[in-house]
Amino acid sequence: MATSKRKAKTSAESTTKKLVALGQAVVKEIQAGVDPLIEIPSRSLGNITFDEERSIIELGDQKQQRQLFNVGHARKFMQTFLIAAACKDLIAEGKTTSIRDLYYITKHTLGKTRQNTFEEQEESDPIIEDLEVTIDTLREELNLFASNRGSMVGPMTIGDTGDTIDLRHLGSGGWSVPSIVEDNVVQFGRHEAKFILLVEKDAVWRRLNEDKFWVKNRCVLLHGQGMAPRGVRRLLYRMHNELKLPIYVLVDNDPWGFYIYSVVKQGSINLAYESVRMAVPAARFIGLSSMDRDQFHLPDNVTIRLDDQDERRAKQMLEYPWFNKRTWQREIRTMLRNKVKLELEALSSRGISFISEEYLPKKLKDKQWLA
Amino acid sequence: MPTPASGQLSLLGPEAPARASKTVRTMNVRPKNTPPVAVPQPPEQPAEPVEQPRAAKTRRMSAEAMASRQREISVSEFFTKNRHLLGFDNPAKALLTTVKEAVDNSLDACEEAGILPSIQVELLEVTDDRYRVAVQDNGPGIVKQQIPKIFGKLLYGSKFHRLKQSRGQQGIGISAAGMYGQLTTGKAVVITSRTSSARPANQFEIVLNTHKNQPEVIAERQIEWQVEHGTRVEIELQGTYKAGRNSVDAYLEQVAIANPHAEVSYLPPKNKPLVHLPRATDEMPPEPGEIKPHPHGVELGMLMKLLKESKNRTLGDTLQHDFSRVTAKVADQICETANVRPKASSRTLTLAEIERLYKSIPKVKIMAPQTRCVVPIGEELIRRGLEREIKADLYVSATRPPAVYRGNPFRVEVGLAYGGELRSETEEDEDSLEVKNGDRSQGPITLIRFANRVPLQYQQSACSIFKSVTETNWKPYGLAQPRGSLPHGPMVLLVHVASVWVPFTSESKEAVAHYPEIVKEIKLGLRECGRKLSGYLRRKERALLQAKRRNIFGVYMGELITSLNKLTGADPKRLHGQLETLAGRHTGGDEALAQAGVSDEESPDGAEEVPEAEHDPESAPPRRGPKRTATKGATRGATRSPAKKSGRKKT
């Protein structure tokens, strides 16, 4: 515990230093009579590269300039420093807060105008991400967190901000995964897990929890309520790397489900700069596969037709280098050919506990997964 | 149709049509024997239907009996019945017309005598609908014998028989006003006049005998008057006092604009405060010259009269000396073209010869009439006049070179005042940071029309000035303009037509007639001013855009400085100064703004510490009018302090 606290302290110091350096650079520019300018690594698809070797999505070298004396940039320029200053205060006071909270902290009216520094949270969130990439710091290090999302149960004991939590006895709700799961917050204790199962949906997670799937199969059971949030992804990364547990991902059979898996595996386009500390290239896709319909004799009436957007997305994904493997190409092409998608709940047509008693055990036993 | 008959009829005046229609009815009662007759037009009806044999029985009146009724109509009687022709159609207009006639006469008199005019106008409310108008000037005064005639006889004056630029033309105005007062209140006109300090002041009370068109002096006395020379006219009349565009107030204001050399004091009724409009210049306008008629402007009848009354013997001499711009050579050419001997006696020419002469005049090239006789207000003085009455941001004016219509020289002048206090309320919306087009649609502009320096307030849409303005496309000059109407914007537009003879559409002198030459000149003048306006508007828009940009930077700069100070502890004041310098580079700085007359009151300053020295009003280029500078300074101080307080509310 003591070491983690010290670590936290040094992290806070270095983050503060980075924030001050950012401000100092602009002050120097102003004093030198140069138009203030900052460079922000571009977070667009155009600046994303796929590192084949490490199998993660990385941010490229492209940078965006942001200037004060440009009518289009001025507002964002001001906002960047507003957020930076607020984060410095947060760190100095040793408090963490949600990004929504930060939005309210920094929101105020500008001078005599009817303008606010931020009009909506949608405006402040990307600025936070900009700041993260610009000074190469994580949101967590800025003492910011997103709202909690995702739950976890399993044969494992963990420490969470000084409390010891036995994930074996958490009833139906499980442990809510916090947004910040750095080792100064969450520590892993004794466990008997053999693998980790991440499911896309809360409802499916409940089914598996109720059926005590994790007891029978000795696994850690997690869900991310849709797209896995940063906390869940970081926790997956840590458990995979620190506890050496394989990760299986169970998502809907649709392009969105594939993308959730791909984010866990390679990182997201938007947060590409965090892939290094979040992506688990070894994560395995266990289902639902486009081939499951035939294999598990699912009736036609549980399928849903792909809509135009699904098709577009699926076709886009065919182009992503990280879906370039033959197996994946087959998977996506099959979906496009059948023109249908499947939700996890479709398995319930074969029986309410079909998923926990037949589907998953069979898949695991037959090693029917994609990597 | 026999011409003499119709001529006779028209001489009968207003009674004629009534009589004619009576005859028609008489004929219609005898349907069988009467051949089908188209219903005749009353004025064309022959005057002697009574002579038809069949009508003999129904004859009601003999020619002799009718002759006993036929008599001269005095002009006064005619105008008593047709007072609207002179501008006395309603009580409000009557009051204005009275003031106007008196002021016009005063100004004319002063100028002719070479005296800088000082005019005093008083309106005294007797009852709700009865006013006593007093107009006093410092003119040369009127000699005692002339006073009754000038004020008590219609169509008596010095200005009708000459071609010279003046306000009055016919010699109807002031006596008509007196007559109107007499008709509506029964009160006599009181005139006080003094020609010099060496002579006593005479006061007359005069009524007009409308039958004889002769003045009747009711009272005459010498009085003590502290005025050295000048004339005072007092008329009591039925009238109503109204504010607004057609009011006496507006009229006097416009008089002040068009007569920058005149000083006007005005005591309005209803306990309103005295208005004093001082002179904008001490220079008298040059005396307009008097000219002889130009052959191109002469009609056949006029030509006949001129030739008959000429003091010169021969036709050639008459042409040369009684007309302007006719040289011996030109006179010969006219005669040659007309096939009339130049040596012929001008008095004995036959009608056919005169007609030939008349037709040959346009065929001969004659120099345009002298134009020095037309005196414009002048570009500089128009601007000064506008500045004197209207607080605006831009004043421009254009005086066109002289031109000629129907042989009468004239000049057109255009002036405009734009922006400033004419600005509408909505434009002051300083909270909007968005860079928008500077031009916002507002109400139509105010058009003020002048003829020989006299404001024209009624019948705007009948006037060729109005027509010229609406027919000009103002959009290229940066003003919105609904189809076929006045342009919109915070603008006062002045158009002045000066001529030895301004062609009015009626005796009440309310609208200038549509002569193509005049319309063309007005349009050219409007365009000249329009070009100057559009240049200004473009500059202003650019500066406004820069100001808005600067506002954007300014607002964000304040926030940035606060944040940078928190991050690095850098001195906010120093940062502000340095950033302002940088911002100036991008937006052109204060000079650009001041140049275009854009005030920086509007800039919502997000920063808390603004070095005041930078905004020192003294260092800025001088603005128009001391008043404006003063208010600017005051408002800035007032608006800036709350900004300081609210600048940093939540951070």
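Two residues are in contact if their C-beta atoms, placed from the backbone, lie within 7 Å. This model is predicted. In it, chain B gives 31 residues to the contact between the chains, and chain A gives 32 residues.

Start with the side of chain B that touches chain A. Helix 15 (516–568), helix 16 (572–587) and helix 18 (626–646) of chain B each give two or more residues to it. The largest share, 13 residues, comes from helix 15 of chain B.

Helix 15 of chain B has 53 residues. At 1.5 Å a residue, they should span 78 Å. The end C-alpha atoms of this helix are 75 Å apart, which agrees. Just after helix 15 of chain B comes Gly569(B), with a positive phi of about 75°.

Now take its partner in chain A. Two packed helices are described by the angle between their axes and the distance between the axes. Helix 2 (residues 74–93) of chain A packs against helix 15 of chain B at an angle of about 25°, and their axes are 9 Å apart. Angles under 35 degrees count as roughly parallel, so helix 2 of chain A and helix 15 of chain B are roughly parallel to each other. Their crossing is left-handed.

Which residues meet where helix 2 of chain A packs on helix 15 of chain B? Among them are Phe77(A), Met78(A), Phe81(A) and Leu82(A) in helix 2 of chain A, and Ile552(B), Phe553(B), Tyr556(B) and Leu560(B) in helix 15 of chain B.

The table sorts residues by class.

How values were computed: Residues numbered from 1 in each chain as written. Chains lettered and ligands numbered in written order. Predicted model: local features only at pLDDT ≥ 70, side-chain atom pairs only at ≥ 80, totals over all residues. Helix = DSSP H or I, 4+ residues; strand = E, 2+ residues; numbered from the N terminus. Axes fitted to C-alpha atoms, helices over the stretch in contact; angles between N-to-C directions. Parallel < 35°, antiparallel > 145°, perpendicular 65-115°, else oblique. Left-handed = near helix turned anticlockwise from the far one by under 90°. Expected span 1.5 Å × (residues − 1).
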